[in-house]
Amino acid sequence: MRMTSSTIRKRWSPERDKATPRSRRATRAAAAVAAGALALSLTACGGDDGNDSSGNTGDSDETANSVTLPKLDGTSLEIAAVWTGTEQANFKKVLAEFEKRTGAKVTFVPAQDPIINFIGSKVAGGQPPDIAMLPQPGAIKQAVDRGWAKPLGADALKELGENYSQGWQDIGKVGGKQYGVYYKAANKSLIWYNNQVFENAGASEPETWPDLLNTAQTVFDSGVTPFSVGGAEGWTLTDWFENVYLSQAGPEKYDQLAKHEIKWTDPSVKDALTTLAQVWGKPDYIAGGANGALQTDFPASVTQVFTGGDQPKAAMVAAGDFAQVNIPSSMKIGTDAKVFPFPAVGDNGPVVSGGDAAVILEDSKGAQALATWLASPDAATIQAKLGGYLSPNKNVENSAYPNSVQQKIAKALIDAGDDFRFDMSDQAPQAFGGTPGKGEWKILQDFLKNPKDVAGTQAKLEAEAAAAYGN
């Protein structure tokens, strides 16, 4: 839940390319700022600035007050999201500050994936939440097409205009109208690793895909399984695919495949699946093998890399910046738990972004005020201080993030401006790109079990995509 791609090998500096905004669909594969900043800085990070792995420094008594909100005494609101655990708990602190400032009462409604189906059931029952946090541009469009979503009002639009790059505003639009506030972003082009395992093995951080395979073999030879894969959740597998595909096929092909302007039987998809099979096709490289991975959810895929001392179940996990909330507090980020950019498969290293947007379903003064609050730097700063969160809001102070690793990831995102590629599966219709047990998620889970069946996997992906896109 980010940018395009950058030339890892050339090691761009953050200042070289950030001054000129470009369309997110531009053919130039730059994102030099984003991935370049990551490649230059994440590998050199020191300690975690004294914070625990979640970066939780506690509640601050001083919260900035840059946004004007109405008094809403007696107003009750509901906001739905699929967030659980620490992520949900931290978001509730953001809602608590809104309650304090306005007098409203806000109830968090736990939703299930796919959230668009959950919202549909609530609408059918006559009880939709006031706001839903939708993780896919495709879901926003579905909510608009079905008449559920309501446009943002003047106050929310003002906050968006002041705090967000045009690219982050545009992905929340449908038919030229603004429906979404992208409250939460994600950099999905990272690989986290257990530093003690790397040191014991004599392994180094890879820059290219061949380097990654060599690093994996070095780790394996030391007696530790290289990769943890949370295959029980299909989106983790689409993230693997998208990083390989963007780097190998390039941004133009990426945009075309995202819109189904080229078929999944295209040779570029074959190349990407064949590349993935170099890891997925080696059961000894994956904790528990394919069957074990398919029974491992995302949180477990992270924790099993950072538990077990110097003999964890795996050494690395491909995971976004949000993985930090699942790293045990005993492991210091930047010292024990380190991260490197997803290696370049082609000439350019990938940087893929995701995000969650607040969308109003029940239009009211209170709902508009809550959307306005979520578009403000005040709201994002609260959650930024708690760790495991990344905001596309450019007016959140970088110092709000609790450790040096997260500060550099956040700076890379903001410096990238409009130059990003959004998660491909999140752009697809929900039936194809965002439904557990169906579409791309299920097909890639099947491919993880049988990575030799490249042609069959392509055919299944194309059949499902054609049905979902209607073309």
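Q: Is Y245 buried or exposed?
A: This is a predicted model, so everything here is computed from it. To count as buried, a residue needs under 20% relative accessible area. Y245 comes in at 0% relative accessibility, so Y245 is buried.

Q: What kind of aromatic pair do F241 and Y245 form?
A: Check how the rings sit: their centres are 5.5 Å apart, and the angle between the planes is 20 degrees. Planes under 30 degrees apart count as stacked. That makes the F241 and Y245 pair stacked.

Q: About how many helical turns separate F241 and Y245?
A: Both residues sit in helix α9, four residues apart. An α-helix has 3.6 residues a turn, so residues three or four places apart point the same way. For F241 and Y245, then, the separation is about one helical turn.

Q: How many aromatic pairs turn up in a search of the whole structure?
A: A search of the whole structure gives a total of 23.

Q: What kind of pair do W235 and F298 make?
A: Their ring centres are 5.0 Å apart, and the planes meet at 45 degrees. An angle under 30 degrees would be stacked and one over 60 edge-to-face, with the rest called tilted. So this pair is tilted.

Q: How far apart in sequence are the parts that W235 and F298 tie together?
A: Both residues are buried. W235 belongs to helix α9 (residues 234–249), while F298 belongs to helix α13 (residues 298–303). The pair therefore ties together parts that are separated in sequence by 63 residues.

Q: Which residue's backbone oxygen does the side chain of T435 reach?
A: T435 lies in the loop between α18 (430–433) and α19 (439–449), and T435 is buried, with a relative accessible area of 10%. Leaving out residues up to four places away in sequence, T435 touches P114, Q430 and W441. At 2.8 Å, the side chain of T435 reaches the backbone oxygen of Q430.

Note on methods
Residues numbered from 1 in each chain as written. Predicted model: local features only at pLDDT ≥ 70, side-chain atom pairs only at ≥ 80, totals over all residues. Heavy atoms only, no water. Phe/Tyr/Trp six-rings, centres within 6.5 Å; stacked < 30°, edge-to-face > 60°. Helix = DSSP H or I, 4+ residues; strand = E, 2+ residues; numbered from the N terminus. Buried < 20%, exposed > 50% of the residue type's maximum accessible area, 1.4 Å probe, protein only. Polar contact = N/O pair within 3.5 Å; in protein donor to acceptor, adjacent residues only side chain to side chain. Contact = heavy atoms within 4.5 Å.
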